[in-house]
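Subject: Structure handover

Hello,

Here is the structure I promised to pass on. Please open it alongside this note.

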Amino acid sequence: MRELGVQKGTDRDGVGRYVMPPPRVRRDPEEVLARVLGESGAFAQAAQNLVVVRSEPGTAPSVGLAIDGMKSSDIIGTVAGDDTVLLVLADADAAKHMKGFLTKLIQGS
């Protein structure tokens, strides 16, 4: 029951019932990423086929998770530390494009 998220609740008549939680609404990954980047004080820099995203200490795991949530086919992998996220991309052009995309999100937030 715990794995399904079933909880004890009451119906309109006050009778105890087991209820399913409401379905989770999936938020737009780009909006989530823009918010996380803005809140973390992040900035991006490209180097060859890599993009380094620097952020406030302790925020890189959230930034990395939001980047992974984009499910970009250009990103081969991400590694998040405490204040740095490293994105590995297929080539230098993809890294340049990703850096521009991230910078645009940062500036727009």
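This is a predicted model: local features need pLDDT of at least 70, side-chain atom pairs count only at pLDDT 80 or more; totals for chains, interfaces and linings use all residues.

Residues are numbered from 1 along each chain as its sequence is written, and side-chain values use heavy atoms, without hydrogens and water.

The volume of the largest pocket is about 290 Å³. (A pocket is an open set of points on a 1 Å grid where a 1.4 Å probe fits, with protein on both sides within 12 Å along at least five of seven lines; lining residues have an atom within 4 Å of a point. The volume is the space filled by probe spheres set on the points.) Its lining includes Arg24, Arg26, Arg27, Pro29 and Gly69. Helix 1 (29–39) and helix 2 (60–69) are the elements that give two or more residues to this lining. Helices are DSSP runs of H or I, at least four residues; strands are E, at least two. Helix 2 gives the largest share, four residues.

Now helix 3. Its buried residues (under 20% relative accessible area, 1.4 Å probe, protein chains only) are Ala94, Ala95, Met98, Leu102, Leu105 and Ile106. They cover an arc of only 105° around the axis, taken from the directions to the C-beta atoms, so they sit on the same side of helix 3. The face turned away carries exposed residues (over 50%), among them Asp93, Lys96 and Lys104. Helix 1 and strand 5 (75–80) are among the elements covering the buried residues.

Best wishes

Terms used
Contact means heavy atoms within 4.5 Å.
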